[in-house]
Amino acid sequence: MAKAGRIVAEVLESLREMVRAGVTTREIEGAADAGIRERGGTPAFKGYRGYPASVCISINEQVVHGIPSARRLRDGDIASIDLGVYLDGFYGDAAISVPVGEIDRQSAELLRVTEEALYLGIRNAVEGNRLYDISAAVQRHVEKSGFSVVRMFVGHGIGRELHEEPQIPNYGSAGQGPRLKSGMTLAIEPMVNAGSFEVRILDDGWTAVTVDGKKSAHFEHTVAVTHDEPIILTKLQ
Ligand code: MF3
Ligand code: CO
């Protein structure tokens, strides 16, 4: 999982560097697919339940599962890039949200708060804690900042499958849920909306968008629970 996670981290970093006004999301898809394969991995999302690409790119009011296309990124957009890799029997999964050029203050705040919420969640992924300690830490930070956590999608266990038990909601009560044990591997992924948490799916069957049209951000890491600090498997070391 560390090897798969490292590929996710390296390729996501290279995709972050491609983000600028004028680039198409299909160009980012090409680099994602090539970057994964060059490193010996297989794109985890391509063909997953029929998903047609190697990366999800969700712009502005798109929450998750945006399909790469001829659309060009524009100055002021925020682009959420979600990448999964399969290598030697194991999965890694991570996401980042990236500003395109100059973005407005509220969008910058949304990105900052969502990434902070991810790290607050990760900090709670330690042996002896309860699963919803992670969820509660994420929700608390997001809501005190005036934003909302998406309910329709959740984080997940990950390992020999991309999606394993347990589901990891980004909302819940501290002290509840299964007890965390050393060796568990989790994909923690806050999806945060600037306005209401309600989302709907577009007619392409994939793209999730906010019902109110306001922006959304998404950060994700694959982490391993230990008796000590969590290990972030999709972080550039
Ligand atoms: N990172 C997302 C997840 O964890 C995206 C996977 S959906 C896919 O569930 F269909 F694109 F693979
Ligand atoms: Co995931």
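Pro-166 is found in strand E8 (residues 164-168), strands being DSSP runs of at least two residues and helices (H or I) of at least four, numbered from the N terminus. A cis peptide bond, with omega about 0°, joins Glu-165 to Pro-166. The model is predicted: local features need pLDDT of at least 70, and side-chain atom pairs count only at pLDDT 80 or more. Residues are numbered from 1 along each chain as its sequence is written.

- Asp-93 lies in strand E5 (residues 90-99) and Glu-189 in the loop between strands E9 (185-188) and E10 (191-193), so the pair ties together parts 96 residues apart in sequence.
- Asp-93 and Glu-189 are both buried (under 20% relative accessible area; exposed is over 50%, partly exposed in between; 1.4 Å probe, protein chains only).

**Positive phi**
- Asn-60, not a glycine, has a positive phi of about 55°. Asn-60 lies in the loop between strand E2 (55-59) and strand E3 (62-64), and is buried at 11% relative accessible area.
- His-65, also not a glycine, has a positive phi of about 65°. His-65 is found in the loop between E3 and strand E4 (78-87), and counts as partly exposed at 22% relative accessibility.

Technical notes
Chains are lettered from A and ligands numbered from 1 in the order in which they are written. Side-chain values use heavy atoms; hydrogens and water are left out.
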